[in-house]
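Biologist: I'm new to this one, could you walk me through it?
Modeller: Happy to, let me put it up here.

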Amino acid sequence: METEILIVGAGPSGAAAAVQMCQLGIKDVLLVDRDRFPRNKTCGSGLSPAALHLAEALGIGPELRRRANPVLTVRFVTQSGEELRAPANSAAVILLRKEFDNLLVERARSLGVGFRDGFRVAEALEEDGRVVGVRGFDGTEIRARWTLFADGAPSLFTRDDRERRHIDTLMGWWEGPDFEPGRLDMVFDPELSPLYGWLFPETATRVNIGICIDAQDEYGRKVPRDLRAVFRRFLERHYAKELRSARQVGGWKGHPIVHTTWIANVTRPGALLIGEAARLTHNGTGEGISQAMQSGMYGADAVARVVRGEASEFAAWRGYLRALRKRFTVGFAAGYLLRDMVSNGMLDGLARTYNSASFQRGIHWLVGAAMTGTTTQEAPAAYAAARSESGEPSRTESPMA
Ligand SMILES: Cc1cc2nc3c(=O)[nH]c(=O)nc-3n(C[C@H](O)[C@H](O)[C@H](O)COP(=O)(O)OP(=O)(O)OC[C@H]3O[C@@H](n4cnc5c(N)ncnc54)[C@H](O)[C@@H]3O)c2cc1C
């Protein structure tokens, strides 16, 4: 079998690359995956604002908005138990990966991409040091002029021999009446430091709850731990009340999240690595869907330049690496800042300051001064008296104080 472009793995990176390739007018694209679709993927299924923008660019925005559950409130709990709530106004959404990934695959198919699921790739075919396709476990060979490897965290095709830093995760799903609709939690529990546990609202009544924790210590040594026991303690500490009236759906599942700060080794002659196969996840939050889609689109752009004769493969691959570094390096480095803020207590301090009545009075005062152009902030006392008679809170009894 032969194709011009072959993409191995139909997660968000592979499917986004396939869609983008068609949007750029490239024909003869084949997408393969070892699983039968729609398939599930162990994931919090949280789509950040960046992911939502990319979904629009890939043409699945309207369907995503129709199906996804919007996040209305974000609740942070710091290591000392300080709680901070912020309105999210649907800037992020949750959609089960079984549905989200399938949306992208269906979009690719509607644009003419060939899709073969249930095809497990065993190895890359190489000739003179160049990738020229793949061989499946069933012995079938697919030859391609260019191959994109999008096979996720434990990539078979990476040539990156740097230590594989990763985050361990464990998560479960619950159906119940006591979850606040649309509330997303990030709980910076000391046992998970500097990472966190989460609760993501998948529907009005179903949530997924999980933990992520560094698999290695700062010297890169594997930390031995009973992850199930850590998760049990986390649930008991933070969600005992809600879970009493909830029903667990399915079993607990875990999967590693591979990350890097300095992006490297993402190209091979004849091939590119995209998504988590290229270690493109955020080390402070574990977010990887938007990075997967973005890298898939950059990968497609690079291949399109070569196909159209606008650049040599060498120049296009170099451009791909540059685009990734430009887009992600600052954010990935900031992940370590977030980790430091969590472990040295700065996040607790910030939350305490944000929650303090004097800070909020100060902000009110500043905003009031900016809007009125004067330092006169209080209405005459008679207004406050009238409000309290009518049952409304007076200005000095600010609901935020
Ligand atoms: C517990 C957990 C929670 C997470 N929560 C979030 C979250 O809420 N938000 C977020 O943004 N990110 C989250 N992530 C990260 C996110 O899931 C990944 O970074 C993202 O899925 C990477 O996308 P990808 O397309 O690169 O790889 P994947 O989604 O892993 O897709 C890889 C595909 O390749 C296929 N494949 C693998 N090997 C082969 C082979 N040999 N032959 C053929 N096909 C193959 C697989 O079947 C799969 O479909 C989470 C991760 C975990 C583990």
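Biologist: How do the axes of α1 and helix α4 lie, and at what angle do they cross?
Modeller: This is a predicted model, in which local features need pLDDT of at least 70, side-chain atom pairs count only at pLDDT 80 or more, and totals for chains, interfaces and linings use all residues. Residues are numbered from 1 along each chain as its sequence is written. The axes of α1 and α4 (residues 97-110) come within 9 Å and cross at roughly 25°, so α1 is roughly parallel to α4, a label for angles under 35 degrees.

Biologist: Which residues make the contact?
Modeller: On α1 they are Pro 12, Ala 15, Ala 16, Ala 18, Val 19 and Cys 22, and on α4 they are Asp 101, Leu 104, Val 105, Arg 107 and Ala 108, where contact means C-beta atoms, placed from the backbone, within 7 Å. By class, this contact has 9 nonpolar, no polar and 2 charged residues.

Biologist: Switching topic, which residues come nearest the ligand?
Modeller: Gly 9, Gly 11, Gly 152, Gly 275 and Gly 288 come nearest, out of 38 residues around the ligand, counted when the C-beta atom, placed from the backbone, lies within 6 Å of it. The elements giving two or more residues to that shell are α1 (12-23), β12 (166-175) and α6 (289-307).

Biologist: And how confident is the prediction?
Modeller: The mean pLDDT (the predictor's confidence in each residue, from 0 to 100) is 93 for the chain, and 93% of its residues reach 70 or more. Over residues 393-401, however, the pLDDT is below 50, and this stretch has 13 contacts in the model beyond near neighbours in sequence.

Key. Contact = placed C-beta atoms within 7 Å. Helix = DSSP H or I, 4+ residues; strand = E, 2+ residues; numbered from the N terminus. Axes fitted to C-alpha atoms, helices over the stretch in contact; angles between N-to-C directions. Parallel < 35°, antiparallel > 145°, perpendicular 65-115°, else oblique. Nonpolar A, V, L, I, M, F, W, Y, C, P; charged D, E, K, R; others polar.
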